[in-house]
Amino acid sequence: MPALLFNVTRLLLLLAALAMPLLALPARAGALVYCSEASPEGFDPGMWDAASTHNVTGQIFQGLLEFEGSSTTLAPVLATKWEVSADARVFTFTLRQGVPFHTTRYFTPTRPFNADDVIFTFSRFLYPDFPFNRAFPATFVYPQNLGLASMVASIEKIDDYRVRFILKQPNVAFLSYFAMSFAPIQSAEYAAQLLRQGNAHLINNYPIGTGPYQFVSYKKNEVIRMSANPAYWRHKQRTDKLIFAIVPDANVRVNKLLANECQITSTVRDEDIPILLKRPNINLKKIQALNISYLSFNMKHDATRIREVREALDIAIDRNAIFRALFPRGDALQASNPFPPGVPGYNDRVVNEYNPERARKLLNQAGYGSGLELSLWALPVARPTNPNGQLLAQLIQQDWARIGVKANIKTYEWGEYLKRSRAGEHDVYMSGWTSDTGDADDFLSPNLTSEANQPGCYKYCSAEFDKLVDAARMSTDQNRRIKLYEKAIEIFKFDRPWITLAHSAVFIPMTSDVRGFVMAPNGGMRFEDVYR
């Protein structure tokens, strides 16, 4: 072939290759795509408590501590060591030196991480009049639910690499807070830059952390792009580009995984598992997570504020039928306590009841014998403990109809669902919780105490329940803690602020070429050292 013709042919082949659609190309080495079930609420980890948010911020930010591997054992991250006083009131941290914050198109740090960043991060949670909070007033959901502001007496900067937290009362669970998803460290220097620019709110849009990945871009309800942090203090990641594709529909997520359009997805439903197990190119990881799903009552609305009504609605539900429909594989457990068996403090004397006849009598006793109409909010995203919110709502609607209760099913887009439920617009809504620590306090304090349910106590407030939970948190005697929690569970079951539903296994599917993924005990996604 003449040289000129040969070169023209090569050029034509090259142009044809370049013209191929992007989706027709094989997945590029160095990139990893995760199909997420929902968009993040924002990028400031302290402001939000949804798993879909912390799956994102967990790649960008780091805390003083972390939970090691697939356990609930605390390990050092931005702190290298810590000391706790014998009475669990004073917590002193020695900080890691030489850790750089991210350098991005919108921020270039001039110094590494130090004590000023720890003080800044936690001052936002504790002091409403903190200068940054005045510029950008925010609700810090998890810290507020824990009652952090009323818990901490002071934070002290000992020197650039030592900080001390002093509590008003003992708290044996406090150390674990520093590994939780709300507690990653923000850059005080970046915050100062935003203040000078009059853009404090952008801390929730353009994150700066110390983690293995840094933020690149976000298109709402479509995609989040992150890149490997080139200056990461541990080591640079083998995955150059981490992409979160936002795919609310569970069927579509599975199809995208099978087509290799994503290499790992959020948790899947029982009905998807047989399909995935047949595919030799798919690996399916499983963990029995520390979780619960439940229905939460609005304790301020006319009917649901009455204890007998709540009990009637609870015992009218046929949980066996629900589990046959939603969990056909049998990997889930019916929930009677607000945390699963195995958590110290679980009360096996507290059990569920299915008794529609007694439910009708309770409604009549409460003044609703002639009927009751209320709203039932269906979860709009699939969760391991609630894989199909619409189906669950329909099954409960049928059960309640048998006792004369008309349930109007409502749902909203995920962000709107969270916003409206936090405002107390519901009668009954579906929710859930997954613990980081496996301690009873991590289920009860952020969800069921009066501190967690302000303003207005539309979820649940009980002085007697609070007293028991507070006493358990302050006690260093594990046997006493267990007895206190068991008593608190009895009060919870009598008051019935929740209809407890399920504790479930978590299944995470991925393509067989994914390496290094370790399941967290809370089912969260961690992509550090994950590659293909």
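Guide: Gladly. A nonpolar core is a set of buried Ala, Val, Leu, Ile, Met, Phe, Trp, Tyr and Cys residues joined through side-chain atoms within 4.5 Å. Please keep in mind that this is a predicted model.

Visitor: Which residues have the most contacts inside the largest nonpolar core?

Guide: They are L64, F93 and W400, in a core of 150 residues. F93 shows what this looks like from one side chain: beyond its neighbours within four places in sequence, F93 is in contact with residues including L64, L65, W82, Y161, V163, F165, L175 and F178. K81 and R162 are also among its contacts. A second core of 16 residues is separate, and C35, C262, I273 and I282 are among its members. In general, nonpolar side chains tend to be buried together in soluble globular proteins.

Visitor: What makes R473 count as buried?

Guide: Buried means under 20% relative accessible area. R473 has 11%, so R473 is buried.

Visitor: Why are the buried residues of α9 said to be on the same side?

Guide: In helix α9 (residues 250-258), the buried residues are A250, R253, V254, L257 and L258. They cover an arc of only 135° around the axis, which puts them on the same side of α9. An α-helix has 3.6 residues a turn, so residues three or four places apart point the same way. The buried residues of α9 pack against β1 (31-36), β11 (264-265), α10 (273-277), β12 (282-288) and β19 (505-511).

Visitor: What about the buried residues of α15?

Guide: In α15 (residues 414-422), W414, Y417, L418 and S421 are buried. Their arc is only 95° around the axis, which puts them on the same side of α15. The buried residues of α15 pack against α2 (51-60), β15 (372-377) and β17 (428-434).

Visitor: What is remarked on in the phi of N221?

Guide: N221 has a positive phi of about 65°, although it is not a glycine. Most residues other than glycine have a negative phi. N221 is in the loop between β8 (213-219) and β9 (223-228). With a relative accessible area of 41%, N221 falls between 20% and 50%, so N221 is called partly exposed. R496 also has a positive phi, near 55°, and is found in the loop between α18 (478-495) and β18 (498-503). At 11% relative accessibility, however, R496 counts as buried.

Visitor: How many cavities are there, and what lines the largest cavity?

Guide: The search finds 4 cavities of 30 Å³ or more. About 70 Å³ of space lies in the largest cavity. Its lining has 8 nonpolar, 1 polar and 2 charged residues, and V268, D270, F327, D331, P384, S504 and F507 are among them.

Conventions: Residues numbered from 1 in each chain as written. Predicted model: local features only at pLDDT ≥ 70, side-chain atom pairs only at ≥ 80, totals over all residues. Heavy atoms only, no water. Buried < 20%, exposed > 50% of the residue type's maximum accessible area, 1.4 Å probe, protein only. Contact = heavy atoms within 4.5 Å. 1 Å grid on protein atoms, 1.4 Å probe; cavity = no way out; pocket = protein on both sides within 12 Å on 5 of 7 lines; lining within 4 Å. Points joined across faces, edges and corners; volume = space filled by probe spheres on them. Nonpolar A, V, L, I, M, F, W, Y, C, P; charged D, E, K, R; others polar. Helix = DSSP H or I, 4+ residues; strand = E, 2+ residues; numbered from the N terminus. Arc of directions from axis to C-beta.
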